[in-house]
Amino acid sequence: MFNNKGGACGYGNLFVNGYGTDTAALSSTLFNNGYACGTCYQMQCYQSKACYANVSYITITATNLCPPNWSEASDDGGWCNPPRAHFDMSKPAFMKFAQWNAGIVPVMYRRVPCARSGGLRFSFQGNGYWLLVYVMNVGGGGDISSISVKGSKTRWISMSHNWGASYQAFASLGGQALSFRITSYTTKQTIFAWNAAPSNWAAGLTYSTRFNFS
């Protein structure tokens, strides 16, 4: 199945926001209620005639959720049913290491650091009293455990996890430049994105920074 643009992580246009087509939707066992959004995996096609012998592995990013299909057995259609670990890969990614008509192939996989070009990207929704932020193009572990926002006139305000890669704050932040404090779920590293958005920030816009995890 070819993932749609955005999906459960809320990344929007995957090309514009740094993820391209080497992506996959994760079964709920791996998705971890959205905390796995942005994580990277090395995938090797394994013990199938459909595997391309000349491809050792590919690297994909988790950008979506593959929901359970309780009407099908987990080994016959319900591939994303818990507790199965399953990657519903985009067609371009799948075709890099196996024949597309195989449909399902066994894989070996492991988490790897995410190599990203450029800095973190913050996509805003909400208004002057409620801010919803999608954090994208995350390097290093690729994931986020917590995020705080600071207006030019406020203290640090902890944001709550909404879903996927989105975090929210109920605070009056209109007319203020915004900075963010972000902690990685995997590496526990914390970085600061100072003045990530100008004082005239607006919902519906995305702001790029020069800050990212190594």
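A residue is termed buried when its relative accessible area is under 20%. In this predicted model, A98 has a relative accessible area of 0% and is therefore buried. A98 is placed in the loop between α2 (91–97) and β5 (107–112). Beyond its neighbours within four places in sequence, A98 is in contact with C45, A50, C51, Y52 and V105. The C-alpha atoms of A98 and A53 are 8.9 Å apart, although the two residues are separated by 45 positions in sequence.

The count of disulfides comes to 4. With the bonded cysteines numbered in sequence order, the pairing reads 1-2, 3-8, 4-5, 6-7.

One of these links joins C9 to C37, with an S to S distance of 2.0 Å; an angle of -90° about the S-S bond makes the link left-handed. This pair connects distant parts of the chain, 28 residues apart: C9 belongs to the segment before β1 (23–27), and C37 to the loop between α1 (28–31) and β2 (40–45). C9 is buried, at 0% relative accessible area, and C37 also counts as buried, because its relative accessibility is 4%.

A further disulfide is formed by C40 and C114, whose sulfur atoms are 2.1 Å apart. Its angle about the S-S bond is 120°, and the link is right-handed. Because C40 lies in strand β2 and C114 in the loop between β5 and β6 (121–126), the pair ties together parts that are 74 residues apart in sequence. C40 and C114 are both buried.

C66 and C80 are likewise joined by a disulfide (S to S 2.0 Å), right-handed with 95° about the S-S bond. C66 is in strand β3 (residues 58–66) and C80 in the loop between β3 and β4 (87–89), 14 residues apart; both cysteines are buried.

Notes:
Residues are numbered from 1 along each chain as its sequence is written. This is a predicted model: local features need pLDDT of at least 70, side-chain atom pairs count only at pLDDT 80 or more; totals for chains, interfaces and linings use all residues. Side-chain values use heavy atoms; hydrogens and water are left out. Helices (H or I, at least four residues) and strands (E, at least two) are DSSP runs, numbered from the N terminus. Buried means under 20% relative accessible area, exposed over 50%, partly exposed in between (1.4 Å probe, protein chains only). Contact means heavy atoms within 4.5 Å. A disulfide is a pair of cysteine sulfur atoms within 2.5 Å.
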